[in-house]
Amino acid sequence: MKKILLLSLGIILTTLAWSQTQPASGKKDKKSEKRDRINALLKMEEEGEMIFNKHNIFGIKLNTDGWGISFEKGKFQTPRKTRLLQFEFNEKKHPKEDKDAGSIDLFTGNVNQFIFGKTNNFYQLKGGYGQQYLIGGKSNKNGVAVTALWAGGVSLGFEKPYYVDVEDLVTQERTRVKFEDVEDLFQYQYLGASGFTVGWDEVELNPGAHLKTALRFDYGRFNEAVAAIEAGLNVEFYSREVVQMIQNDPKRMFFNAYVTVLFGKRK
C-alpha cells in the first residue's frame with residue numbers, strides 16, 4: 001500500500017513539474033520568435049525596404065484648454081517619411097471656467113452643477129494634412145521610435161449657447177436662461193446647467209484654420225499594433241471672435257499644448 005501511495009505521489013509531482021516547465025518554454029519560444037522577427041524587420045529597414053504601407057490610429061487628447069479625440073490615416077512614403085491625413089473633434093474650455101453647485105436631485109442625491117458666466121460651449125471639427133519624419137530609434141531593437149510631425153488645415157468652430165435652469169427669487173418662476181441675456185445676475189437662484197442637448201438649434205458656425213507640430217514616441221514600431229504618445233503645440237485662428245465667458249475679452253486666436261495617447265494598427 002505504501003509503495004502504491006509513494007508511486008502515486010511521485011507521478012503527481014512529476015506531472016506538476018512538467019506542466020510548470022511547459023509555459024516557460026512556450027514563453028521562451030515566443031520571445032525568441034519576436035526577437036527574430038524584429039531583427040528581420042530591422043534588417044529590411046536598414047536596406048531601405050518598406051516594413052509597413054499604412055496605418056490607422058485613434059487618439060484621446062488632453063489639451064491645456066480642453067479635451068479631444070482624433071483619427072489619423074497614414075501612408076508610408078519611405079521608411080522614414082509618412083504622409084498623414086488627420087481628423088479631430090475638440091472642446092475648448094475658458095481658463096476662468098469654474099463649476100458651481102446648483103440644486104440637489106432629490107431622487108439621486110447628486111448636486112446639479114453649472115459654470116457661472118459661461119456664454120458658449122466651443123467645439124471644433126478639424127481636418128488636416130501633414131508629414132511625419134523618423135528622427136530617432138532607427139537601430140533600436142526594442143522598436144521605440146521618435147518622430148517629428150507637422151499638420152495643418154481647416155478648423156470648423158461651433159459655438160453652442162450655454163443655458164442654465166434658474167428660479168426667480170421674487171416670482172418663484174422656473175425658466176431657462178443664457179448669462180449674456182441676464183441683466184441682473186442676482187435675481188435668480190441657479191439650479192444647474194440645462195444639459196448637453198440644449199442649444200444645438202442655435203449653433204453658429206465659425207470657420208478657421210489650424211497648425212500643429214509635435215513629437216511622437218512610438219513604443220510598438222515593429223509591431224502591427226500601434227502604441228504611442230504624442231506631445232505637441234497647436235495654434236488656431238477663426239474668422240470672428242469667440243465669446244466664451246461674460247466680462248472677458250473674446251479671442252480669435254487660440255494657442256495650446258497637448259498630450260495624446262494613440263492606439264491603432266499598421267498594415
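Trainee: Which residue is the bridge partner of Ile69 in β3?

Mentor: This model is predicted. Strand β2 covers residues 66-78 and strand β3 covers residues 81-92, and the two run antiparallel, joined by twelve bridges. In β3, the partner of Ile69 is Phe89.

Trainee: In what order do the eight strands close into a barrel?

Mentor: Strands of a sheet pair through backbone hydrogen bonds, either parallel or antiparallel. Here the pairing is antiparallel. Neighbouring strands of this sheet are turned by 25° against each other on average, direction ignored. The barrel closes in the order β1-β2-β3-β6-β7-β11-β12-β13.

Trainee: Which residue in β6 is the bridge partner of Gln86?

Mentor: β3 and β6 run antiparallel and are joined by twelve bridges. Within β6, Gln86 has as its bridge partner Gly128.

Trainee: And which residue in β7 is the bridge partner of Leu125?

Mentor: β6 pairs with strand β7, residues 145-161, in the antiparallel sense over 16 bridges. In β7, the partner of Leu125 is Leu156.

Trainee: Which element gives the largest share of the nonpolar patch?

Mentor: The patch lies on the surface, has about 730 Å² of accessible area together, and includes Leu85, Tyr129 and Trp150. Two or more of its residues come from each of β3, β6 and β11. The largest share, three residues, comes from β6.

Trainee: Why is Phe87 called partly exposed?

Mentor: Phe87 is found in strand β3 and belongs to the nonpolar patch. Phe87 is called partly exposed because its relative accessible area is 40%.

Notes: Residues numbered from 1 in each chain as written. Predicted model: local features only at pLDDT ≥ 70, side-chain atom pairs only at ≥ 80, totals over all residues. Heavy atoms only, no water. Pairing = 2+ DSSP bridges. Helix = DSSP H or I, 4+ residues; strand = E, 2+ residues; numbered from the N terminus. Axes fitted to C-alpha atoms, helices over the stretch in contact; angles between N-to-C directions. Patch = residues over 30% accessible without salt bridge, like charges linked within 9 Å, V, L, I, M, F, W, Y side chains within 5 Å. Areas by Shrake-Rupley, 256 points an atom, 1.4 Å probe, with all protein chains shown as cover. Salt bridge = Lys/Arg side-chain N within 4 Å of Asp/Glu carboxyl O. Buried < 20%, exposed > 50% of the residue type's maximum accessible area, 1.4 Å probe, protein only.
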